Amino acid sequence: MRLHMRLRTTSAVAGAAALALLTGCGAADMTKQASPFANAQGARTVTLSVQSWVGAQANVAVAQYLLEHELGYRVDTVQVDEVPAWDALSQGRVDAILEDWGHPEQEQRYVEDKKTITAGGDLGVTGHIGWYVPTYFAKQHPDVTDWKNLNKYADLLRTAESGGKGQLMDGSPSYVTNDKALVKNLDLDYQVVFAGSEAAQITQMKQFAKEKKPFLSYWYTPQWLTEKVPMTEVKLPPYKEGCDADPAEVACAYPVTPLQKYLNTGFAENGGRAAEFLRKFTWTTQDQNQVSLLIAEQKLRPEEAAKKWVDGHESVWKQWLS
């Protein structure tokens with residue numbers, strides 16, 4: 001996500017407590033939590049990095065289920081924040097990242113220069129970050145969907161946390177976000193307020209929606225919540241290549257980008273069928289959202305959600321094993 005993004009779409013887990021655990025993306029370097037099985041020579045083990053949003057949890061759940069039940073691997077998972085995950089992958093602490101929203105500096109350092117990380121191909125899902133309002137509010141005030149009119153609605157979007165300004169709700173401070181710079185550079189009467197995690201942000205948005213209150217939020221697609229709370233994007237100044245090159249001077253929208261997979265180079269070269277399978281793993285936004293909804297809304301354990309999807313989509317995943 002300059003593909004400077006996220007957030008992202010999209011690894012919360014089953015049950016409210018587990019969901020909070022895996023969506024509580026902190027800023028600490030958690031690479032030391034990595035599995036001792038990662039990059040183990042001669043062992044049929046795979047360690048997957050789990051990012052802190054439910055879409056990423058869905059990817060890992062299905063990949064893990066098939067690696068274990070169809071290919072006979074032991075799979076370990078490790079929750080690591082976005083940038084530290086690249087460090088862990090380079091070091092061989094994890095074998096693969098299945099959903100990356102774009103980290104050009106890390107790509108240059110590890111893929112191009114050090115060659116300790118190898119591109120694993122498209123995930124098949126296209127990601128986009130933006131500012132969103134609930135559709136019920138956009139229908140009442142159609143001009144709110146143009147950033148030039150946001151100051152007109154600052155009073156309506158004020159909260160106790162926004163210090164007399166309109167609130168722009170963000171998720172975790174660890175997500176890659178240009179929002180503070182955007183608010184400053186577009187001269188908007190808003191305060192960025194971090195909910196703390198994707199789970200906390202979802203809780204607030206669902207509560208606002210239940211009460212039909214207006215809100216403005218940093219959000220992203222794909223994400224299962226939009227199935228439950230329809231949202232409309234606010235148009236920011238158009239994205240142009242390089243417009244976000246200087247984080248302090250950003251005054252444009254976030255880009256749209258195909259989400260990518262990355263493998264530790266040693267694993268890519270010596271990981272056998274597991275590495276080949278992960279390269280072939282590609283599915284649609286609809287597939288991802290189906291599993292995400294099972295985990296986040298129906299409270300299925302990730303393994304149960306994965307099994308349900310696998311049972312109904314054999315023609316899709318069989319291609320990953322061929």
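**Helices, pocket and cores in a predicted model**

Me: In this predicted model, what makes the span of helix H10 close to the expected one?
Reply: H10 has 12 residues and reaches 16 Å from its first C-alpha to its last. The expected value, at 1.5 Å a residue, is 16 Å.

Me: Why is H10 described as largely enclosed by the rest of the structure?
Reply: A residue is buried when its relative accessible area is under 20%. In H10, 9 of the 12 residues are buried, so the helix is largely enclosed. Among them are Asp-287, Gln-288, Asn-289, Leu-293 and Ala-296. The cover over the buried residues of H10 includes H2, strand E3 (96–100), strand E4 (117–134) and H11.

Me: What makes Asp-187 exposed or buried?
Reply: Exposed requires over 50%. The relative accessibility of Asp-187 is 62%, so Asp-187 is exposed. Asp-187 sits in the loop between helix H6 (179–185) and strand E6 (190–194). Phi of Asp-187 is also positive, near 55°, in a residue other than glycine.

Me: Why is Gln-57 called buried?
Reply: Gln-57 has 6% relative accessibility, and the limit for buried is under 20%, so Gln-57 counts as buried. Gln-57 belongs to helix H2 (residues 54–69). Its C-alpha atom is separated by 9.8 Å from that of Gln-79, which is 22 residues apart along the chain.

Me: What is known of the second largest pocket and its lining?
Reply: The second largest pocket holds about 170 Å³ of space. Its lining has 13 residues, of which Gln-57, Val-60, Gln-64, Thr-77 and Pro-302 are the closest to its centre. H2, strand E2 (74–79) and H11 each supply at least two lining residues. H2 gives the most, with 6 residues. By class, the lining has 7 nonpolar, 4 polar and 2 charged residues.

Me: Which residues have the most contacts inside the largest nonpolar core?
Reply: They are Leu-48, Val-62, Leu-67, Trp-131, Phe-277, Leu-278 and Trp-283, in a core of 87 residues. The largest share of this core, 10 residues, comes from H2. Apart from this core lies another, of 12 residues, among them Val-78, Val-80, Tyr-110 and Val-111.

Me: What does Leu-67 contact beyond its neighbours within four places in sequence?
Reply: Leu-67 is in contact with Val-46, Leu-48, Gly-72, Tyr-73, Val-75, Ala-274, Phe-277 and Leu-278. A contact means heavy atoms within 4.5 Å, so each of these residues meets that limit with Leu-67.

Me: How does the span of helix H7 (residues 198–210) compare with the expected value, and what follows the helix?
Reply: H7 has 13 residues and reaches 18 Å, close to the 18 Å expected at 1.5 Å a residue. Its buried residues include Glu-198, Ile-202, Met-205 and Phe-208. Lys-212 follows H7, with a positive phi near 60°.

Note on methods:
Residues are numbered from 1 along each chain as its sequence is written. This is a predicted model: local features need pLDDT of at least 70, side-chain atom pairs count only at pLDDT 80 or more; totals for chains, interfaces and linings use all residues. Side-chain values use heavy atoms; hydrogens and water are left out. Helices (H or I, at least four residues) and strands (E, at least two) are DSSP runs, numbered from the N terminus. Buried means under 20% relative accessible area, exposed over 50%, partly exposed in between (1.4 Å probe, protein chains only). On a 1 Å grid over the protein atoms alone, a cavity is a set of points where a 1.4 Å probe fits but cannot get out, and a pocket is an open set with protein on both sides within 12 Å along at least five of seven lines; lining residues have an atom within 4 Å of a point. Grid points are joined across faces, edges and corners, and a volume is the space filled by probe spheres set on the points. Ala, Val, Leu, Ile, Met, Phe, Trp, Tyr, Cys and Pro count as nonpolar, Asp, Glu, Lys and Arg as charged, and the others, Gly among them, as polar. The expected span of a helix is 1.5 Å times one less than its number of residues. A nonpolar core is a set of buried Ala, Val, Leu, Ile, Met, Phe, Trp, Tyr and Cys residues joined through side-chain atoms within 4.5 Å.
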